[in-house]
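Here are some notes to read with the model open beside you.

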Amino acid sequence: MSELSFAELGLDPAVLEAVSAIGYETPTPIQAQCMPALLAGKHLLGVAQTGTGKTAAFALPLLSRIDASISEPQILVLAPTRELAIQVAEAFTSYAAKYRNFHVLPIYGGQDFYPQIKGLKRGAQVIVGTPGRMLDHLRKGTLRLGNLKAVVLDEADEMLRMGFIDDVEAILAKTPENCQRALFSATMPPQIKKVAQTYLSDAVEVKIESETRTVERISQFVLPVYAERKLDALTRILEVEPIEAAIIFVRTKAETTLLAEKLSARGHAVAPLNGDLNQRQREQTVEDLKRGKKDIIVATDVAARGLDVPRITHVINYDVPYDTEAYIHRVGRTGRAGRTGKAILLVTPRERSWLRTLERATNSPMVAYELPSPVELKKMREEQFESQLLGFAEDKKLAKSMALLDEIAERNEMDIAMVAGALACWMEAMQPGSLPLEQPEALPVVSASAPARRDRKGGGRSGEFRKGPPKGGYKGRGGPGGAGARGKPPGKGGKPAGKRPPRQSDAKR
Ligand code: AMP
């Protein structure tokens with residue numbers, strides 16, 4: 001993450017206020033590099049993927065440069081898919097939340113023209129759309145670019161792949177000569193370079209590069225999941241993994257608190273760690289994790305910088321990191337002091353292209369994370385119950401409890417097995433937030449090395465993912481479950497003993 005603050009970058013105060021309300025702590029690397037150039041009115045060529053924070057990298061400075069009181073198109077963003085157009089429009093809306101009478105209008109194919117024309121007539125400062133529909137409006141004269149200050153091509157290589165490049169050029173040709181231009185692309189094929197040379201001469205080039213670094217002793221897993229199923233997926237991971245201590249990474253300060261609250265309601269000993277806490281509170285949280293008073297912390301990258309707690313067996317990337325540097329730092333919070341560790345990354349469909357980049361940067365493959373099947377999970381829960389039960393078989397209070405249950409059985413003419421059964425049902429009902437046995441809906445994952453197949457409708461890709469460990473196994477560890485079954489003694493921290501038996505997939509490896 002960058003050392004600069006958003007305020008130091010020189011953004012408009014209203015934009016700064018919105019960013020602080022959203023809860024972004026510091027600019028991501030791409031933001032720190034792009035914003036000064038865009039704020040200075042320069043053209044920009046950015047090599048960056050989704051997930052790096054690139055939307056804010058162009059939206060925040062461009063919003064800071066326009067006259068928000070003029071209700072005409074001043075910023076135009078071209079995106080390859082309807083989904084991205086909507087996502088970018090939503091981001092702009094949140095960043096411009098403190099401007100009055102401000103409108104962001106998404107326009108894309110497949111939607112009726114009428115509401116779009118109505119929106120354009122009402123007036124909008126920012127238009128985000130797919131190239132074909134944007135061109136239709138320009139030709140009809142319903143979209144006019146006389147006051148345009150900036151145009152952004154987002155995911156230019158995707159637009160090329162989808163056959164939109166001619167439309168994109170036709171739109172660029174209609175933008176005012178003195179208008180600021182930015183182009184973002186994950187790759188730079190020759191046709192994109194040509195567009196850049198023609199329309200973005202003297203552009204400042206920004207590229208987020210990082211050295212390749214081997215992440216030894218840490219096995220890396222990836223679980224693709226829809227954004228709205230992330231919490232279910234995490235709940236399941238926390239149930240089945242042999243976690244001694246874990247750190248969960250999220251993007252915003254607000255999310256650290258929200259997620260920690262949700263996990264706490266599910267019975268975990270968890271605390272948030274973010275930049276809003278003062279030094280003393282932060283130190284206390286880390287101390288609690290070290291001493292086992294807490295088992296999980298939910299942190300932002302900034303707050304977890306340099307964190308060194310040997311008992312962290314798992315790093316869970318609930319939100320993808322902004323760049324490979326951040327990823328390497330995150331996963332390096334486990335596998336400390338010569339131990340092994342496990343890192344699990346949740347990715348949503350749009351973020352899947354990250355996998356290839358991360359594999360390259362860490363020089364090691366990502367393995368598809370397998371959630372246990374309902375049958376496996378049931379077995380696991382039963383075994384866990386048994387081991388917890390046995391843990392109490394030598395309890396000092398056992399004789400007293402047995403006498404009480406005998407009395408209850410006798411008074412109610414019940415079999416002792418029936419009393420035990422009722423007790424087991426009661427215990428199950430007391431488990432907070434226990435999920436049903438079904439899986440959170442996982443996605444088919446795209447292989448980091450499999451050829452991409454376009455899915456025009458969703459704008460995403462699908463394919464097969466490499467299953468199982470890499471050839472030659474993992475460096476410096478017995479298997480990906482590596483943390484081992486470091487269960488806790490019965491009753492410690494009010495949590496189950498023996499955590500769980502080894503998963504079938506661990507045993508296989
Ligand atoms: P993008 O790469 O633009 O798709 O952004 C990915 C995600 O990062 C979005 O959910 C943004 O809300 C979030 N994000 C962008 N900038 C920051 C930041 N400086 N701090 C925290 N989250 C951010």
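This is a predicted model: local features need pLDDT of at least 70, side-chain atom pairs count only at pLDDT 80 or more; totals for chains, interfaces and linings use all residues.

1. Tyrosine 322 puts a polar side-chain atom 3.1 Å from a ligand nitrogen atom. Threonine 26 works through its backbone instead: an N or O atom there lies 2.8 Å from a nitrogen atom of the ligand. On the oxygen side, a polar side-chain atom of tyrosine 24 sits 2.5 Å from a ligand oxygen atom. As for cover, the ligand taken alone exposes 490 Å², and the protein buries 82% of that.

2. Who else is around the ligand? There are 13 residues around it, and the ones that come nearest are Tyr24, Gln31, Gly51, Thr55 and Arg251. Sorted by class, the shell has eight polar, three nonpolar and two charged residues.

3. Next, leucine 45, which belongs to strand E1 (residues 44-47). Is leucine 45 buried or exposed? Its relative accessibility is 11%, so leucine 45 counts as buried, the cut-off for that being under 20%. Leaving aside residues up to four places away in sequence, leucine 45 touches Leu183, Met188, Ala196, Ala203, Val204, Glu205 and Val206. Pick out valine 204 from that list: 159 residues separate it from leucine 45 in sequence, yet the C-alpha atoms are 6.0 Å apart in space.

4. Now to the sheet. Seven strands make up an open sheet with parallel pairing, and the order is E10-E11-E9-E12-E13-E8-E14. At the edges are strand E10 (270-273) and strand E14 (367-368), each of which pairs on one side only. As a reminder, strands of a sheet pair through backbone hydrogen bonds, either parallel or antiparallel.

5. Start at valine 270, whose bridge partner in E11 is isoleucine 296.

6. Last, the chain as a whole. DSSP runs give 19 helices and 16 strands. Of the 509 residues in the chain, 51% are buried. The chain exposes about 23500 Å², with carbon and sulfur atoms supplying 51% of that area. For contacts between residues at least 6 apart in sequence, 76% join residues at least 24 apart; the leucine 45 and valine 204 pair, 159 residues apart, is one to keep in view here.

Methods
Residues are numbered from 1 along each chain as its sequence is written. Side-chain values use heavy atoms; hydrogens and water are left out. A residue is near a molecule or strand if one of its heavy atoms lies within 4 Å of it. A polar contact is a pair of N or O atoms within 3.5 Å; within protein, one must be able to donate a hydrogen and the other to accept it, and residues adjacent in sequence count only if both atoms are side-chain atoms. Accessible areas come from the Shrake-Rupley method with a 1.4 Å probe; for residues, only the protein chains shown count as cover. Ala, Val, Leu, Ile, Met, Phe, Trp, Tyr, Cys and Pro count as nonpolar, Asp, Glu, Lys and Arg as charged, and the others, Gly among them, as polar. Helices (H or I, at least four residues) and strands (E, at least two) are DSSP runs, numbered from the N terminus. Buried means under 20% relative accessible area, exposed over 50%, partly exposed in between (1.4 Å probe, protein chains only). Contact means heavy atoms within 4.5 Å. Two strands pair if DSSP finds at least two bridges between them.
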